[in-house]
Amino acid sequence: ARKGASEGCLTTTAGRPVACGAQCCSRSESESGRFVPSRDAGTMNFLGFKAPCTVDVELFKEGGEKPKMVTVRSASGVSETIPLYKDGETVSGVCTITPAFGKKIDHQGVKIELLGQIEAYYDKGSFYDFIASVREVAGPGELKEEVKFDFEFPKMEMVNETYSGVNVRLRYVVKVTMVRSYRGSVVKDFPFCVRNTSILPEINNSIKMEVGIEDCLHIEFEYKKSKYHLKDVLVGKIYFLLVQIKLKHMELEIRRRETTGSGSNQYNETQTMAKYEVMDGAPVKGECVPIRLFLSAYDLTPTYKNINNKFSVKYFLNLVLVDEEDRRYFKQQEIQLYRTEMDP
């Protein structure tokens, strides 16, 4: 039997903190965008009984178009391939529920939700929902055989990108819940990825700075731009105006600073995303060292500013010089990253 989703729905865009009742599972995927749980995290309850049914979701865009697939890093650090959407697109699909063991299942209803959630790892298991849209696809009854439910969430506002960091993650899921009054409800999450493009900035000033140590070291560095897209090439030059220190090494780093929480509960985590050796050996006065760094080789995201008052992500260029006594001199400059392509 094939049943359509009911007309009524509840959509909220205001964020609200909720406790997550979902049991996560790893999933295998086919090229069509169909998900089949490879390990049923909800197959055993506390009494040792297996789950009464299997749940499968196949996701589409508007008009039945299959979404592209993209490989992302999950919260556990494992790569997974999931469907790709962008802001304003329709998320639709078919949910298939199949009873196990050929037995009937009594339930109190089936609902399908589209959730946008932020989870801080220091408060693991507690999700902040900034999107919550619900479809009640079945009322109380019993399930005797495989049944399919169509569902659609039209033109969803998904301005925040999927993100998995050190202390926080932002995710989108289609959540299927079969409510049961005993032995626990059946709950399955099917994640998908959201990425959004930005227009080219109208103003993109160069970065020029002079740094040094009085009477010892004076250098000038210049980067052609301060804003870069994720597949851009960073081009610059470093001029040595005064060198009275025996330098042996110079490198350029791209650092990501993730800020979560606020006040006394604020956490800052800095990761080195890229290292590029600029020079190996001692420079001389008047020397100019060119820089050319391809950003597409690194796992970078756009700059995120105060996402739902929960977290921010900034990027910095960090120029590091090391002398013969292994003393380190560095200068840091913030840059802005943005996305211009939707290719997986």
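Figure 1. Setting aside neighbours within four places in sequence, Gln333 makes contact with Ile207, Met209, Tyr315, Phe316 and Leu317. The model shown in this and the following views is predicted. Gln333 belongs to strand β27, which covers residues 328-338. Ile254 lies 79 residues from Gln333 along the chain, and the C-alpha atoms of the two residues are separated by 9.8 Å.

**Figure 2. An open sheet of four strands.** The strands are arranged in the order β18-β19-β21-β24, and their pairing is antiparallel. The edges are formed by β18 (207-213) and β24 (288-294); each has a single partner strand, so one side of each is left without a neighbour in the sheet. On average, neighbouring strands of this sheet are turned by 20° against each other, direction ignored. Seven bridges join β18 to strand β19 (residues 217-223) in the antiparallel sense. In one of the pairings, Glu210 has Glu220 in β19 as its bridge partner.

Figure 3. Ser226 is found in the loop between β19 and β20 (227-229). Is Ser226 buried or exposed? Its relative accessibility is 18%, and Ser226 therefore counts as buried, the limit being under 20%. Residues up to four places away in sequence are not counted in the following list: Ser226 touches Asn204, Asn205, Ile207, Ile335 and Gln336.

**Figure 4. Nonpolar cores and the residue Ile97.** The largest nonpolar core contains 73 residues, of which Ile97, Phe192, Tyr223 and Phe240 touch the most other members. Apart from this core lies another, made of five residues, among them Val72, Ile82, Leu84 and Cys193. The contacts of Ile97, without residues up to four places away in sequence, include Cys53, Thr54, Val55, Val110 and Leu143. Ile97 also touches Glu145, Glu146, Val147, Phe149 and Met178.

**Figure 5. Two cysteines in a structure with zero disulfides.** A disulfide is a covalent bond between the sulfur atoms of two cysteines. How many disulfides does a search of the whole structure find? The search finds zero. Cys193 has a relative accessibility of 1% and therefore counts as buried. Cys288, by contrast, has a relative accessible area of 35% and is partly exposed.

Figure 6. One aromatic cluster is formed by Tyr85, Phe130, Tyr172 and Phe192.

Figure 7. Which residues does Gly139 contact, leaving aside its neighbours within four places in sequence? These residues are His107, Gln108 and Gly109. Gly139 and His107 are 32 residues apart along the chain, and 8.4 Å separates their C-alpha atoms.

Figure 8. The phi angle of Lys155 is near 45°, a positive value in a residue other than glycine. Lys155 lies in the loop between β14 (147-153) and β15 (163-164). A relative accessible area of 58% places Lys155 among exposed residues, because the limit for that class is over 50%. For Asn306, phi is near 50°, again a positive value in a residue other than glycine. Asn306 is found in strand β25 (residues 304-307). Its relative accessible area is 46%, and Asn306 is therefore partly exposed.

Conventions:
Residues are numbered from 1 along each chain as its sequence is written. This is a predicted model: local features need pLDDT of at least 70, side-chain atom pairs count only at pLDDT 80 or more; totals for chains, interfaces and linings use all residues. Side-chain values use heavy atoms; hydrogens and water are left out. Contact means heavy atoms within 4.5 Å. A nonpolar core is a set of buried Ala, Val, Leu, Ile, Met, Phe, Trp, Tyr and Cys residues joined through side-chain atoms within 4.5 Å. Buried means under 20% relative accessible area, exposed over 50%, partly exposed in between (1.4 Å probe, protein chains only). A disulfide is a pair of cysteine sulfur atoms within 2.5 Å. Two strands pair if DSSP finds at least two bridges between them. Helices (H or I, at least four residues) and strands (E, at least two) are DSSP runs, numbered from the N terminus. Axes are lines fitted to C-alpha atoms, for helices over the stretch in contact, and angles run from 0 to 180 degrees between N-to-C directions. Rings of Phe, Tyr and Trp (its six-membered ring) pair if their centres lie within 6.5 Å; planes under 30 degrees apart count as stacked, over 60 as edge-to-face and the rest as tilted.
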